[in-house]
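This report examines selected features of a protein model. Please keep the sequence and the structure in view while reading.

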Amino acid sequence: MPLANSHDRYGTVTKTFHWLTALLILSAIPLGLFANDLAHAVRNPDIATTEADVSRAAFLFSLHKTIGVTVFFVALLRILWAIGQTKPGLLNGDKPLEARAAETVHWLLYGSLLAVPLTGWIHHAATTGFAPIWWPFGQSLPFVPKDDGLAHTFASLHYILNWVLWLSLAAHIAGALKHHVIDRDATLRRMLPGRTTAAPTERQPGHILPAVAALVVWAAALGTGGAMGYFAHETQGAPTAEAETAEPSAETAGAETTAPTENAWTVTDGTLGLTVIQMGSAVDGQFEDWTADIIYDETADSEGKHGTVDVTVTIASLTLGSVTSDAKGSDYLAAETHPTATFSADLVSRDGGHVATGTLTIKENSVPVEMPFDLSLDGDTATASGGLTVDRRDFGVGGQSEGNVGASVDIRFDLTAER
């Protein structure tokens, strides 16, 4: 069987690309739909799900994404091959409307085979917290930052362009069946294994009008999606005017809550973050609303104690990439029923450094912890940074098995304070 195309038949390479693409697409579509439905069930508090359901959803998403990336490269190779090949003519070129519709669908399919997996890949790369792609690369992409707004935009593009792909694929299959069953010509048989040839009609449609028609379809799909609000995105955790007036921020809370004493310190700037391991990948998060009441004296007492710190953290202010809502849900931090976590500790000198030794309380579970930290003093300005690692299971956060979320959670802080 010839490898290359001719004017009246498709070669082996083109046929292989065609049926490999069909197999991949018809595998990726149901996998994505099943994974999406299962993920919605997992996140719905009214539906009882297990860790096995979460693992199954993650597996299906990883498989869907990996196949999608494969589709992108297969489609790219297919297009590069087609550029240097003779394109067999249509057998219905003497029917202008039907022929132009068929060519428009071909443009939509070729474009969608690149655009759909690429938008999904960019969404994946811009997201923190994900089911990984099983390629040896691809968890991140050049020039694609980790950004919730960007991830939302490309998730919307992926969803909308999927509809274009599905409808184009349905039209393509319907057209092939129409040629085979009603017209009884060799359009479908030319793409099956074998040496089937068929002389194309003398009249053939041009390429410009079908290409323009395909662009119009894509533009209409994106415009419809925009009108339906798919691209609207509200930054998670963004402060509102009401929140700004009702809740003290981390920067100002110290001044409002610390007792007036010469050894009291007001936090003027700072971050409180955490890192979890989800499906083997590190996911970084941050609490936007926390307060710290700090008493610190450069001169330690006889037991090496310099002062105390009391930290209150608003759980609802956590952002943790795409798993933010899950992390604050009832199975994990339970923000609705346990809105705050606290850390109360003594600040002591030890082995030439400093340690905050006290109690961390999450979901009413109190665990003794020690957190080493670095401290630098410059007159009445102090900078400090430190962290510790805890086991989420000690606080009743998540199940007892590690599953998709690692048991160890790294907590870290950086702050600047004024006396």
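## Basis of the model

The model is predicted: local features need pLDDT of at least 70, side-chain atom pairs count only at pLDDT 80 or more, and totals for chains, interfaces and linings use all residues. Residues are numbered from 1 along each chain as its sequence is written, and side-chain values use heavy atoms, with hydrogens and water left out.

## Nonpolar cores

A nonpolar core is a set of buried Ala, Val, Leu, Ile, Met, Phe, Trp, Tyr and Cys residues joined through side-chain atoms within 4.5 Å. Buried means under 20% relative accessible area, exposed means over 50%, and partly exposed lies in between (1.4 Å probe, protein chains only).

The largest nonpolar core has 44 residues, of which Phe287, Ile294, Leu320 and Phe343 touch the most other members. Strand S1 (residues 264-278) supplies the largest share of this core, 5 residues. A second, separate core holds 23 residues, including Ile29, Val164, Leu169 and Trp218. Helices (H or I, at least four residues) and strands (E, at least two) are DSSP runs, numbered from the N terminus.

## Exposed residues

Tyr159, Trp163, Leu167, Met228 and Tyr230 make a nonpolar surface patch of about 540 Å². Patches are made of residues with over 30% relative accessible area and no salt bridge; like charges are joined within 9 Å, and nonpolar side chains (Val, Leu, Ile, Met, Phe, Trp, Tyr) within 5 Å. Accessible areas come from the Shrake-Rupley method with a 1.4 Å probe, and for residues only the protein chains shown count as cover. Met228 lies in the loop between helix H5 (208-227) and helix H6 (241-246), and its relative accessible area of 57% makes it exposed.

Pro136 is located in the loop between helix H3 (96-126) and helix H4 (148-183). Pro136 counts as exposed because its relative accessibility is 79%.

## Buried charged residues

A salt bridge is a side-chain nitrogen of Lys or Arg within 4 Å of a carboxyl oxygen of Asp or Glu. Lys and Arg count as positive and Asp and Glu as negative, while His and the chain ends are not counted. Asp185, in the loop between H4 and H5, is buried yet has no salt bridge; Arg189, the nearest side chain of opposite charge, is 6.4 Å away.

The side chain of Asp185 forms a polar contact of 2.8 Å with that of His179 and one of 3.1 Å with that of Thr187. A polar contact is a pair of N or O atoms within 3.5 Å; within protein, one must be able to donate a hydrogen and the other to accept it, and residues adjacent in sequence count only if both atoms are side-chain atoms.
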